[in-house]
Amino acid sequence: MTTPAAAPLIAPSMLAADFGHLEESLNKVSNADWIHVDIMDGHFVPNISFGPDIAKTANQITDQPLDLHLMITSPEKWVDQFIAAGADSITFHVEAMPDKSAVVELARYLRSQGCRAAVSIKPGTAVEDYLDILPELDMVLVMSVEPGFGGQSFMEDQLAKVVTLRQAIDSQGLDTLIEIDGGISAQTIEKAAAAGVDMFVAGSAVFGTPDPAATVQELRDLATAARN
Ligand code: DX5
Ligand code: ZN
């Protein structure tokens, strides 16, 4: 039923890393596919995380590509700084943009700068309005918690959006990835994988265990089995 990307991609969220020992933390997940980097501005979401300087530090520490998740207003004002910091992919929220044409414009700008372009939708946002712009996007991030904090419970009802996206992407013959973020763990990843997710963000489930690398591999194995 689903034909997602070749192999499931696991992206540990740096938000749950030990910032007192960031290098050690990131080195523990050197078997991950991407590093997910959450940027929060205290305005788009009720929390503040960090900015381009820390993203740049992460880029210097790790060999993995950086998957930046901008939970900020006016993302267009900041993307140049995050690209300069080493972002390989930038996800911005459609709710932070005035209209769909602005979403397309920013996605095109990111691609013109050699950065992958992705958009995210909050739990209360419908995905249907964006199916016609999928060719402009390298990835769509479905939030499975309200953005702002790690460690929240997985919202299973968000998987309906994944199914809708999977059908739209496959029927249009696109290679746009579907990412999910929030509450992903060994208990929830199989359902997300079966719905058609390609890339899985996991924060507390990875960094909250004694052996984060083993957890990355466990999540990958569970997702692989659930898609077959
Ligand atoms: C939440 C962030 C997530 C967060 C996920 O707003 O976008 O990336 O770090 O954390 P867990 O995996 O603990 O739900
Ligand atoms: Zn995130």
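Let me start with a term: buried means under 20% relative accessible area. Keep that cut-off in mind. What you see above is a predicted model.

Now the neighbours. On one pairing, β7 meets strand β6, residues 139–143. The sense is parallel, over 5 bridges. Take Leu141: its bridge partner in β7 is Glu179. Between β6 and β7 the chain crosses through helix α5, residues 159–171, and this β-α-β crossover is right-handed.

Next pairing. β7 also pairs with strand β8, residues 199–202, again in the parallel sense, over 3 bridges. Here Asp181 has Val201 of β8 as its bridge partner.

Last topic, helix α8, residues 212–227. It has 16 residues. From first C-alpha to last it reaches 23 Å, close to the 22 Å expected at 1.5 Å a residue. Which of its residues are buried? Pro212, Thr215, Val216, Leu219, Arg220, Ala223 and Arg227. Why are they on the same side of α8? Because they cover an arc of only 140° around the axis. The general rule: an α-helix has 3.6 residues a turn, so residues three or four places apart point the same way.

And what covers the buried residues of α8? The cover includes β1 (9–12), α6, β8 and α7 (204–207).

Terms used
Residues numbered from 1 in each chain as written. Chains lettered and ligands numbered in written order. Predicted model: local features only at pLDDT ≥ 70, side-chain atom pairs only at ≥ 80, totals over all residues. Heavy atoms only, no water. Pairing = 2+ DSSP bridges. Helix = DSSP H or I, 4+ residues; strand = E, 2+ residues; numbered from the N terminus. Right-handed = clockwise from strand over helix to strand, strands pointing away. Expected span 1.5 Å × (residues − 1). Buried < 20%, exposed > 50% of the residue type's maximum accessible area, 1.4 Å probe, protein only. Arc of directions from axis to C-beta. Contact = heavy atoms within 4.5 Å.
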